[in-house]
Amino acid sequence: MKKFMNFVLMAVLAVCFVLPAAGKAEAAKLAVVPLANHVEDNTTASMIYMEEIMDRFKFPEFDMLAEDVVEKAVGAKEISDFSKANLERIARETGADIVIAMSLDTLDEKALFPRREPTLQLDMTGTFAFLNQNTGRYYSNNYYDDSEIEEALTVRSDWKSESFQRTVIGYLKKVTKAK
């Protein structure tokens, strides 16, 4: 009887150790193409882009590929082609399941109506694209924002960076959203 109880105890212990590991799926490999930032004197946009990606795509579910691996697949110059074929090529060369790419083209400050209170004009355009190899889902969109705000409202904030951050967050939500 003692041998039988030892056998049952060992079987229960084996099941307790094997079952949690058996149910876990492998982390999706994520290739993040560096932000193609075409705006002079703007270093915060790239930081916002990467911070939001790091906040949204955490390790147990996503495994972010090293920068040098992604940069080798993208090439020496910034990405300009956000087509499905180009993102598939990057996914193939890096072994990624998901590829995320974004560009920022203009972010201009102009006062449209000088007779009013001084205003800040946001003229932001660019492209966002991603490809999920697991689901076959591809998304690409050109974005444009031409918001305007009175300068007095932005005294204690970086309104332009916050607007770009909201744009990045909105598009990153589309990556994890089901079809």
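Q: What makes the Arg89–Glu93 pair a salt bridge?
A: The closest N and O atoms of Arg89 and Glu93 are 3.2 Å apart. A salt bridge needs a side-chain nitrogen of Lys or Arg within 4 Å of a carboxyl oxygen of Asp or Glu, so the pair qualifies. The structure holds one salt bridge. This is a predicted model: local features need pLDDT of at least 70, side-chain atom pairs count only at pLDDT 80 or more, and totals for chains, interfaces and linings use all residues. Residues are numbered from 1 along each chain as its sequence is written, and side-chain values use heavy atoms, leaving out hydrogens and water.

Q: Why is Arg89 called partly exposed?
A: Its relative accessibility is 24%. Buried means under 20% relative accessible area, exposed over 50%, and partly exposed in between (1.4 Å probe, protein chains only). Arg89 therefore counts as partly exposed. Glu93, at 48%, also counts as partly exposed.

Q: What makes strand 6 largely enclosed by the rest of the structure?
A: Nine of its 10 residues, in the run 123–132, are buried. Strands (E, at least two residues) and helices (H or I, at least four) are DSSP runs, numbered from the N terminus.

Q: How do you know that strand 6 and strand 7 pair?
A: Pairing takes at least two bridges found by DSSP. Strand 6 and strand 7 (residues 137–145) have nine, in the antiparallel sense. Phe130 stands opposite Tyr139 in strand 7. The two strands form a hairpin with four residues between them. Gly136 in that turn has a positive phi of about 75°.
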